[in-house]
Amino acid sequence: MKQFTSILILLIFLQTNAQDIAILKYNGGGDWYANPTAIPNLVEFTNQNIKTNIAENPQSVAVNSEDIFNFPILFMTGHGNVFFTDEEATNLKNYLISGGFLHISDNYGLDKFIRAELKKVFPTLEFQEIPSNHPIYNQTFKFPEGIPKIHEHDKKPAQGFGLFYEGRLIVFYDYETDLSDGWEDQIIHKNPKEVRETALKMGSNIIEYAFTN
């Protein structure tokens, strides 16, 4: 009954075109709180440029909390370890298959941990690289070559991966690009204006796609 109520809450939010984002708080020791200025800056950009109406100060929600069902989009980042209990994995799965959306931004060092933990959530699903003609790259802002490269880590190409459930993209994972670093205040990483704008435009596309699919 508790699970049904949580799913119903999310469905009502989606049907009423609720627009909000929360930062996903996880265990394992990784810094889920990294890049504190990233989401507020992205929200400001999307509110101004694609006319969203997202709260300016995002909340953080724990993976095992029913509160995740209050948000159509969850954002997750960090540099290190991630650990989901069975309860947390089930809660996240119920959220995602009920219409929720998770954006993961690898802040360098997250990859091997998040891939393993998502197997607890969806044992049979595999990340698929998302082609450049996918709608997520073709919203208000166009990225004909796919996900842009924002920060250099291991001299690998930027990649956007997705988990699909019954044909719907439920998890978007940016790898070897670090979009969220590009959203932070300019003084933190000293990115040129054009790099920050590119990162914000791609982030805006992710939000726009998640709200409309």
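Analyst: Let's start with a word you'll need all the way through: a strand is a DSSP run of E with at least two residues, and strands are numbered from the N terminus. Keep in mind that we're looking at a predicted model.

User: Okay, then which strand does Thr-77 lie in?

Analyst: Thr-77 lies in β3.

User: And how do I read burial: is Thr-77 buried or exposed?

Analyst: The general idea is a cut-off: under 20% relative accessible area is called buried. Thr-77 has 1%, so it counts as buried. Its side chain also reaches the backbone oxygen of Ser-105, at 2.7 Å. Leaving out residues up to four places away in sequence, Thr-77 touches several others, including Tyr-26, Trp-32, Leu-110 and Ser-180.

User: Now the sheet. How do strands get together, and what is their order here?

Analyst: In general, the strands of a sheet pair through backbone hydrogen bonds, and the pairing is either parallel or antiparallel. In this model, seven strands make an open sheet with mixed pairing, in the order β2-β1-β3-β4-β7-β6-β5. At the edges stand β2 (59–62) and β5 (128–129); each has a single partner strand, so one side of each has no neighbour in the sheet.

User: Which strands pair with β7, and in what sense?

Analyst: Look at β6 (residues 159–165) and β7 (residues 168–175): they run antiparallel and are joined by seven bridges. Strand β4 (residues 101–106) pairs with β7 as well, in the parallel sense, over four bridges. Another pair to find is Gly-162 with Phe-172 of β7.

User: What happens at the turn between β6 and β7?

Analyst: The hairpin of β6 and β7 has two residues between the strands, and Glu-166 there takes a positive phi near 50 degrees.

User: Why is β7 described as largely enclosed?

Analyst: Because seven of its eight residues are buried, β7 is largely enclosed by the rest of the structure.

User: What about residues in loops: is Thr-177 buried or exposed?

Analyst: Thr-177 sits in the loop between β7 and α5 (179–183). Its relative accessible area is 0%, so it is buried. A polar atom of the Thr-177 side chain lies 2.5 Å from the backbone oxygen of Pro-148. Among the residues Thr-177 touches, not counting those up to four places away in sequence, are Ile-147, His-151 and Ala-158.

Phe-122 is another loop residue, found between α4 (111–121) and β5. At 4% relative accessibility, Phe-122 is buried too. Compare sequence with space: Phe-122 and Ala-89 are 33 residues apart along the chain, with their C-alpha atoms 8.5 Å apart.

User: Last one: how many cavities are there, and what lines the largest?

Analyst: Think of a cavity as space where a 1.4 Å probe fits but cannot get out. Searching the whole structure turns up one cavity of 30 Å³ or more. The largest cavity has a volume of about 60 Å³. Its lining includes Ile-21, Phe-75, His-103, Trp-183 and Gly-203. The elements giving two or more residues to this lining are α2 (38–49), β3 (73–78) and α7 (193–212). The largest share, three residues, comes from α7. By class, the lining has eight nonpolar, two polar and no charged residues.

Notes: Residues are numbered from 1 along each chain as its sequence is written. This is a predicted model: local features need pLDDT of at least 70, side-chain atom pairs count only at pLDDT 80 or more; totals for chains, interfaces and linings use all residues. Side-chain values use heavy atoms; hydrogens and water are left out. On a 1 Å grid over the protein atoms alone, a cavity is a set of points where a 1.4 Å probe fits but cannot get out, and a pocket is an open set with protein on both sides within 12 Å along at least five of seven lines; lining residues have an atom within 4 Å of a point. Grid points are joined across faces, edges and corners, and a volume is the space filled by probe spheres set on the points. Ala, Val, Leu, Ile, Met, Phe, Trp, Tyr, Cys and Pro count as nonpolar, Asp, Glu, Lys and Arg as charged, and the others, Gly among them, as polar. Buried means under 20% relative accessible area, exposed over 50%, partly exposed in between (1.4 Å probe, protein chains only). A polar contact is a pair of N or O atoms within 3.5 Å; within protein, one must be able to donate a hydrogen and the other to accept it, and residues adjacent in sequence count only if both atoms are side-chain atoms. Contact means heavy atoms within 4.5 Å. Two strands pair if DSSP finds at least two bridges between them.
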